[in-house]
Amino acid sequence: MTTTTGTDDGQDGRDDRAELARLLPPATGFALPPGRHEHHRERLMNQIDHDTAASASAPASAKDRAPARPRLLRPSFLAPAITFALAGVLVAGYSAQGGPDLPVRADSGASASERAGAAQPVALVLNRISDAAAKSDAVPVRDDQFLYSRSKMQHGDFTSGKLVTTPLEEVESWSSQKPGPQMKLGLVRQGGSDSPVNAHLGDTEGTAPGIARPTYRWMATLPTDPHKLLAHITALTPKRENQEHDQAVFDEIGGMLGGVTPPGTAAALYKAAALIPGVVEAPDAVDAIGRKGIGIARVDAQYSWRSEWIFDPETLAYLGSRSFLADDTEMGKKGELLGADALIESAVVDEAGVRPQD
């Protein structure tokens with residue numbers, strides 16, 4: 001059974017969805033390119049619709065074994081996300097691949113001394129990335145257009161009680177740039193099927209542009225002074241008892257990277273990230289399809305999850321993101337992958353479902 005938000009399913013359907021929206025915990029996110037904030041929520045809701053009856057009759061012991069973990073990671077078109085809600089533990093997240101399967105573990109072949117020697121002050125690295133972003137030739141995106149992204153992805157699945165990683169798959173997305181609250185936010189193409197992306201749960205009047213739906217026009221309104229931008233994003237980021245607030249802010253900034261972004265905003269985002277305590281360089285980072293790059297990382301010490309953004313070492317262009325366990329936990333061993341994505345292509349198109357080359 002396939003269900004999406006923002007549709008007219010009758011009063012009973014609306015009541016059920018409203019109750020599910022109430023039960024779902026607040027969203028947080030990993031480093032993601034812009035316009036990728038609905039797909040996992042839709043996948044989660046579809047999974048819940050499919051499994052609710054079975055989970056209702058599951059033994060209490062099976063339900064009780066779900067560990068207490070951070071709340072639902074911000075839904076996204078193309079990003080790592082781990083979801084713990086309702087009938088046990090559901091994990092939804094993505095990575096990228098284009099070639100042989102990569103090891104699930106995220107350990108680097110470089111020694112600790114080699115990594116330490118290669119590291120630079122993170123502010124210096126982010127300033128270089130910021131300068132490159134400021135020189136982007138991106139043109140403004142019209143309100144009637146769509147941001148297109150094509151990525152390779154995979155995700156961790158903890159449904160069985162053991163963390164396993166799904167095969168890589170290609171995902172395409174079209175994100176609407178319409179101003180004002182919208183019920184129809186875009187389209188996702190995965191496995192040969194198209195799925196609409198509708199308003200976030202609880203947004204009965206539609207989802208407005210903002211930190212959870214960062215349209216080009218909205219991002220262009222953000223402050224470009226790094227200190228003011230960080231303060232602004234910090235104020236917009238909800239405080240959650242199950243996540244370090246600095247980590248939540250880091251993840252929110254990550255959600256606006258990549259793709260087609262106003263150059264001034266992109267440059268300011270990187271400099272703002274350098275001001276967040278705990279952000280470090282990961283000089284030996286590798287993205288989901290094996291591309292080696294410069295990494296920018298932060299660990300949520302409360303839950304030992306590490307989030308990384310990865311950049312091309314020559315052009316400093318955004319390549320993708322990944323997240324993995326920073327220590328051994330009840331979920332798995334240190335280095336096991338939670339999710340990752342590799343951005344292959346991004347563009348602006350006039351119609352959802354139409355590729356740039358069409």
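In helix H8 (245–254), the buried residues are His 245, Gln 247, Ala 248, Val 249, Phe 250, Asp 251, Glu 252, Ile 253 and Gly 254, where buried means under 20% relative accessible area, exposed over 50% and partly exposed in between, with a 1.4 Å probe and protein chains only. Because nine of the ten residues of H8 are buried, this helix is largely enclosed by the rest of the structure. The cover over these buried residues includes H7, H9, E9 and E10; helices here are DSSP runs of H or I with at least four residues, strands are runs of E with at least two, and both are numbered from the N terminus. The model is a predicted one, in which local features need pLDDT of at least 70 and side-chain atom pairs count only at pLDDT 80 or more, while totals for chains, interfaces and linings use all residues. Residues are numbered from 1 along each chain as its sequence is written, and side-chain values use heavy atoms, with hydrogens and water left out.

The protein as a whole has nine helices and twelve strands, and 53% of its 358 residues count as buried. Among contacts between residues at least 6 apart in sequence, 66% join residues at least 24 apart, a contact being heavy atoms within 4.5 Å.

Helix H9 is also largely enclosed by the rest of the structure, since nine of its eleven residues are buried. These are Pro 263, Thr 265, Ala 266, Ala 267, Ala 268, Leu 269, Tyr 270, Ala 272 and Ala 273, and what covers them includes helix H5 (122–134), H6, H7, H8, strand E10 (305–311) and strand E11 (318–325).

Two of these neighbours can be followed through their packing against H9. The axes of H5 and H9 come within 7 Å and cross at roughly 175°, where axes are lines fitted to C-alpha atoms, for helices over the stretch in contact, and angles run from 0 to 180 degrees between N-to-C directions. H5 is therefore roughly antiparallel to H9, given that angles under 35 degrees count as roughly parallel, over 145 as roughly antiparallel, 65 to 115 as roughly perpendicular and the rest as oblique. On the H5 side the contact is made by Leu 126, Asn 127, Ile 129, Ser 130, Asp 131, Ala 133 and Ala 134, and on the H9 side by Pro 263, Ala 266, Ala 267, Ala 268, Tyr 270, Lys 271 and Ala 273. By class, this contact of H5 with H9 has ten nonpolar, two polar and two charged residues, with Ala, Val, Leu, Ile, Met, Phe, Trp, Tyr, Cys and Pro counted as nonpolar, Asp, Glu, Lys and Arg as charged, and the others, Gly among them, as polar.

Helix H7 (residues 226–236) packs with H9 (residues 263–273) at an angle of about 80°, their axes being 8 Å apart, so H7 and H9 are roughly perpendicular to each other. Here Pro 226, Leu 229, Leu 230 and Ile 233 in H7 meet Ala 268, Leu 269, Lys 271 and Ala 272 in H9, and the residues of this contact divide into seven nonpolar, no polar and one charged.

Tyr 148 and Trp 174 form a tilted pair, 5.3 Å centre to centre with 55° between the planes; because Tyr 148 lies in strand E3 (residues 146–157) and Trp 174 in strand E5 (residues 169–176), the pair ties together parts that are 26 residues apart in sequence. Both Tyr 148 and Trp 174 are buried. The rings of Tyr 303 and Trp 305 have their centres 6.4 Å apart and their planes at 50°, so this pair is tilted, and both Tyr 303 and Trp 305 are buried. Ring pairs also link Tyr 270, Phe 311 and Tyr 318 into a cluster.

Most residues other than glycine have a negative phi. Ser 304, in the loop between strand E9 (292–300) and E10, has a positive phi of about 55° although it is not a glycine, and at 12% relative accessibility Ser 304 counts as buried. Leu 316, in the loop between E10 and E11, likewise has a positive phi, of about 65°, without being a glycine, and at 11% relative accessibility Leu 316 counts as buried.

Notes
Phe/Tyr/Trp six-rings, centres within 6.5 Å; stacked < 30°, edge-to-face > 60°.
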